[in-house]
Structures are given as C-alpha cells and as structure tokens.
Amino acid sequence: MPPPTQAPQSTGPALELLVHGVGGATPQEMLADPRTVRVTGDATAAIYRRSGDIDAEQHPERYRDRPIPEAYCWSNLTSGNGSRALWLLLLPFMVINLAHWMRPAATGRPRTIRLYGALVRLVALSLTVLLTAAACEVALDLTAWQCAGVPDCSDQRSWLGFLSSAQGGWWSQPGRRLALAALVPTALVGLLWYLSNRTWSAYESQRPLTGTVPDDGEPGTAPEAGAAPAAPLRPALGRPGFWFGRRLVARLRAAHTAAGFLTVTASVAGATARHDRAAEGPVPAVYGRLIEALLVLGMLVVLWVVCRRGRSERRLDNRLDRAVITYLPGAALILLVLASVHAAWSRPGWASAGTLPGDITFRVVTLAQGALVVVLAAVAWSLYRRSPEPRTVMHGLGGPAVAMLACALGGVMTGGVAQRVADWLDGPGSPGMGRSAVIDGPPVLLSWQASVIPVLLMLLLVPGIALGVRTYLTARRLEPVVDAEYGEIRPDPARTKQIARTRATAALTDSVPGMVGLVSGAALLLGTAAVGGAWASGQVPGLAMDGSSPFVESVAEAAQSTGSWMIGFGFLVFVACGRRAYRDASARRTIGILWDVGTFWPRAAHPFAPPCYAERAVPDLASRMSGWTARTRGRLVISGHSQGSVLAASAVWQLPAETRRRVALLTYGSPIERLYGRWFPAYFGPAQLHGLHRSVHCWRNLWRATDPIGGEVRLGEQSGPEVDRGPLKDPLVYGRTPEHPLPEPVLGHSDYQADPVFAQERAALLERLAPLLPHQAEADEPRRELKGVPGGPPDTAA
C-alpha cells in the first residue's frame, strides 16, 4: 500500500477505462460524444475513444488536468442478434450453473469441496435428462404412441395420417412410429451440442493474459516432510485458469450429449423390450436385454465422467480428454440407432394402448433431484460451519436453494410443454380425467406437479404482503430523516415521500435471500408430496380424490385445472417473450439484462447453459490494462459501474503485480459485496475483497441509499485507506434552486458520473497512484504482494 501522505505524481499519461453495467450502453453515451472510434476489438466487444483522443499518447500536454477516456462496450456479448432470444429456454441450466459458484467459503476441506461440485454437476445432468425426457414425452408418447394409435385422434390431424394405426401402413406399427418420432428429441440434443460448441468458440475461447503458476496444493493441507513451505495461494479469480474452462466444458458437453441420446434410447427401447419379453414374437427378447444392458453401461460411464473431475484453475489447462469427447457421444448415438433399428423390426399384432411404458422416468428424476438437493444442503452446511460468515446468505444454503429453484423451473417448463401438447391433441377433452378424453395424456406426476403451483402461490402471498407492509412502514419512518438531511425550512410532503419510498424500495434487495429460501423449501416439500400422491394413487388429483368429501374433491379438481392452465400459460409466456425478443431489439436488450447477471460465471456445472461473457470480457480488460501501462508507463483508473465493476475487479485480480502498482479501481453502483459477496462467498467474500484491496494500488467505491443493486464494500479501515464513500445524496438537491431551476430526478442506480463526487474521487485516485519504482525493487514485489492476500479457495472442482 502507498504511504498515507501524497506520493509524487507520475510523469506519464493517465487513462480512464470505463466499463458499463447491465443493460449495456453505446460508446457515444459512455464518452458523451457522438464521434467515437474503435481502438481495438471487434463487433462483439471493443474499446472506443473519442475521435479527438486517438493520438492522445503523442500529446500528453493536452491531458494534464484530465485522464484520457476510453470505453469498453461488451453489451453485444449478451444481447446481440435475434438468436439470443432462444437462451430463455436455457434458463434452468443457467440457474443450476449459479449454484455451483455459491458454495460457502472454507479452507482445509478439499474433499468436501469436491463433493459439493460433483453433486451440483449431478443435478445439472438430471436437468438434461429431464429436458430430453420431456421432448420424448411429447414426440414419442403423446404423438407417436397415443394419438397415432387412436383413430379418433389421428383422423383429426392429416399430418399424422401415415402413422395412424387405422391406415395399416408400414409406419403404423408402434415400434416404427417410435423410431421415427425419436428424431425430434435426437435433433434437440444435437442442437444443444451445436450451440454449446459454437458459443464456446465465439465467447469463451479467449486465453487468459497470464501464464501458469505452480500448483501449491489445497489450502489447509500440510506440506510433505522436508518440503519448503508453500507460498500463499492467489485468490481464485486471479488464477490463470479461472477464466479458461475449456477442458471441463468439453467433458461435460460430451457427457450431457451422451446422456440425452441415452434418454431417447431408453424411451425407444423400453417399450419394445417389454413387448418382446411379454409376448411370443419374431424378435428374440435377448436383443432387447442386450440393448438395455448397454444402456445401463452407458449411463454409468456418463456418471463417471461427470463426477470424476471438475475445473483446473491454477494452471492454463489446454489439454482435452479426446477419448471422452470423441467416443462417448458417438457411442451413445450408435446405441440409439441400434435401438431404433430394433424397434422398427416387424411385430405383427402389436398395438399401442394407454401411455408409453417407462413413464416412471419422471418419478425417478424428480426423486433423484430432491435427494441430491438435500445432500447438497448437508454438504453446504458442513462447509459453512467450518468458516461461518454472517453476511453469507441463508447460512451457506444459498447454493442448494438455487439448485432447487433450477429443478422447479425445469419441472414447470417440461410439464408446461407436455400439458399444452396433450390439451391440443385431445381437443375438448381433459387428458387423464377420462371425461370425453381421447388419449390418456401425460404422466400422472406432471398433473400432480401442476396442482401444487396454486398452493405454492398462496403460500407466497403472505410473505409478499408482509414485505409490502414493511416497506410502507420503513418509508414512513424515513420521511423525517430525509427532511433533516436536506434541511428544508418548508419541506414538500410529496417530494419527501418520493425519496423515502425509493430508499425503502431499494432495501427490498436485501430481502431476496429470505424469499428464495421460502420458495425453495416450499418447492421441495410440495414436490415430495406430488411424487408421493402420484405414486400412491396412480391417478391425477381430480380422480384420486373421488370418494372423499365434496369440498376436498372440488379443491383437488380446481387445483389441477388451475395448475394445468398456469403451467401451460407460463410456458406460452416463455415462448412469447422469446418470439418478441427475436424480432424486437429493445426486448432482446431487456432479456440481455438477465443474462448480464446470470452468465457472469463460467459454465462449470451445465455445458448447455448460456455462454459466459466474462471469459471474453475479463481477458479483454486485463490485456488492455497490461498492454497500455507497459507501453506508456502511465497511470490507469479502471472505472466500473454495476456489473462492470465486477468485471473490473476480476480483471484487476488477473493483472501482474507490476501492472497493479499503476492501476486504481473506481467502482460505483457496485453489487460486488451486496450481491456477489453474500451469494458467492468463496470468491467475493470478506477475505477475497480484503486481498483485492491490498493487492490493487488504491480503490474507491461510491454508493447510494436509493440504489437497489449497488452498495457498500464493507471492508472498514483495518485494510488500509477506506474504500467506501457514501451514501451519496440522491437527488442532489431537494427542490428548485438558481443552479437547478427544474426538479432533479432520483437517480437510484444510474448516472453516478453526474454527481460531482465522481470527478473528485477519480482525481484523488490519480493523485494517489505512486510513481514508477526502481526496476530492482520489482523482482520481490509478487512475493511481498501475496503476503497480504488471504489464501483463496481451492480449485472449484472440486
């Protein structure tokens, strides 16, 4: 850290590198000039300058009183062309990927940390199986097995005529219908594989700036006898391999693709194998048993691949497990082809009736997800108890809660598809109720899961009302505080209420963990009840409650019909939002805001999640800072707003110590502690933020009480010069003044640069940047700098 007195200023130029936040911004908006020029980068992410600043380094005399402004624009990484709208359908995959990074901070527990990562990857695998099973349910069960097997259903749809059992054609046999319908889920799995592979090349293939660092072992482990003590480990986000997860993504992509193909194989082969074992026919039953044995072997291999290894972060791992990524998906696809050929074998007299055998898949997947989440919660609690941190959300159970939400989202989306398709195929009937229903409909479990949605919403109504009342009372309590703060002789009640209400509403962000925990716990309990009800009764809730009291019967039927409508409506909303975003750039930008927050982290759990923009943005920023300071030997302030502050901090962590001595960090509206520090304590917890403060030359954070996203860093003065400045006044003035004749808006999360404090703090940071040190002092800097950095968490592989 620099001495408390002001250090002599550097004679080199000064650069301000601006990084925008969620929602994006144009270079013209960031630089306040309509004439901008791209300095480096491409159409996806680039650095811009004003046209008059292109040759700024050759004319330092023009910039004695101000830094050279540059803008890094990365919004096209999340809200570019219309195909990004399809990412909405990958929402459960994105959410489960977040759960991987939410583990509690703990040292000395490498096996427990690895177990946490393996459990999250298993939950992610179950979501792939669930999605593929839903596609099989629609294409194989509802369409090819049920509707095509019932003349009353197939005769009403000409496009199903060649599959109809009444036609007696070559495709009319159930096995051949299943083999043909299997093309739909197979194509879906292939599309997911293609998108994952293509987005990796487009977004996440940027190599990190730094080279490799030695693997010093896990924190908390003792060195071997006779070995020298290991140097303190770098924080996780500063390790060379953190933003380059090529090897793990390739392995997971191969495993999930194979799991999808094997799920389709199970849907095709399950029905044919059961028929061959139950009836004397031309096809020997041993063939079906052989396919089932290979299917079980394939699933075991997939589980082994998923559980075997996680991320490698301490070194830049360019290797690929070519045997896995080459042969595993191919072998699973070959097995699917064999199962389809086996199903297409002629079986005269075989007729499809009821639902497709093997609908137990949904029950097994749901039970497995619930069990995995419970075990994950136990592991997370064990890690939290090792190193408890009061600011961590839900006492370390944030990861399991979010994993439960991912499973619930997956269930709603898959159930919504099945319910809507069943209603469409059945016409006026109600699938599963037996009242003028032409087909039996989707598995009973999906109807039970739909029935618990109204109950869940009713449970959330009470805490929602409580939050509203608490916000109202908080706003009333803040009104005299606002009046005292501005010192108005005659305060305007309406203006006071506006400011107080904005502050009270901004505080609702801190209540999100409680709501997430409540929703996750209720979803787990209600989901367990739905599985039990479906397994015990074998009927939809409306029929299962027949014979009970009239009130119970009416409630069950109302819950089933309302839930079925809501789950189908929710899926249609997803499709409508995706369609609108595909055509409308403004709607696509709104959806991009969601991805700005959700896709910051690398794809460590699910390879089909939307791509991680930080694996492109962080190397871009680190490379620009390192290259500019090495070329000019000047000072640099990286200035990040909102999500841009998280990118800025991550890039600073990646810099060599020599570069960090000439870099200052200015954050404003930053969620780095309020969101990331609480939800991701192993990476942005107090120890990591203290380490960042010690390693960067100087850091200042601006925040407002009216900001629902940004907040304090909360480091205190024990780490050196104080980081936080705030809360800043918002609005700047209460009423009309000669300098402000029109009413000033309440800015909240936006326009921090309009506050005079911003320019003051930026100038102060530039003054605090130390001059260049003698070259001979630089050799010892990495070791001296690392002594102040607390040991980071072990590899997330864990």
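This short talk walks through the fold, the nonpolar cores, the salt bridges and a surface patch of one predicted protein model.

Before I start, a word on conventions: because the model is predicted, local features need pLDDT of at least 70 and side-chain atom pairs count only at pLDDT 80 or more, while totals for chains, interfaces and linings use all residues. Residues are numbered from 1 along each chain as its sequence is written, and side-chain values use heavy atoms, with hydrogens and water left out.

Let me begin with the overall picture. The secondary structure comes to 25 helices and 8 strands, where helices (H or I, at least four residues) and strands (E, at least two) are DSSP runs numbered from the N terminus. Of the 798 residues in the protein, 55% are buried; buried here means under 20% relative accessible area, exposed means over 50%, and partly exposed lies in between, with a 1.4 Å probe and protein chains only. If we take contacts, meaning heavy atoms within 4.5 Å, between residues at least 6 apart in sequence, 80% of them join residues at least 24 apart.

Turning to the interior, a nonpolar core is a set of buried Ala, Val, Leu, Ile, Met, Phe, Trp, Tyr and Cys residues joined through side-chain atoms within 4.5 Å. The largest one has 144 residues, of which Phe600, Trp601, Ile638, Leu647, Phe684 and Trp699 touch the most other members, and helix α3 (residues 110-147) gives the largest share of this core, 17 residues. Apart from that core lies another, of 22 residues, including Ala14, Cys73, Cys698 and Leu728. As for Phe684, leaving aside residues up to four places away in sequence, its contacts include Leu237, Phe600, Trp601 and Trp653.

Now to the charged pairs. Side chains of opposite charge can pair when their charged atoms come close. With a salt bridge defined as a side-chain nitrogen of Lys or Arg within 4 Å of a carboxyl oxygen of Asp or Glu, the count comes to 20.

One of them joins Arg616 to Asp42, the closest N and O atoms being 3.1 Å apart. Arg616 lies in helix α18 (residues 614-632) and Asp42 in the loop between β2 (36-41) and β3 (46-50), so this pair ties together parts that are 574 residues apart in sequence. Arg616 is buried, at 6% relative accessibility, whereas Asp42 is partly exposed, with a relative accessible area of 32%.

Another bridge pairs Arg624 with Glu70, with 2.4 Å between the closest N and O atoms. Here helix α18, which holds Arg624, is linked to strand β4 (residues 68-73), which holds Glu70, and the two residues are 554 apart.

Glu673 is buried at 7% relative accessibility, while Arg391, at 27%, is partly exposed.

Finally, what forms a nonpolar patch on the surface? The members are Met458, Leu461, Ile465, Val469, Tyr472 and Leu473, with about 620 Å² of accessible area together. Patches are made of residues with over 30% relative accessible area and no salt bridge, like charges being joined within 9 Å and nonpolar side chains (Val, Leu, Ile, Met, Phe, Trp, Tyr) within 5 Å. Tyr472 sits in helix α12 (residues 444-486) and is partly exposed, at 49% relative accessibility.

Note on methods:
Accessible areas come from the Shrake-Rupley method with a 1.4 Å probe; for residues, only the protein chains shown count as cover.
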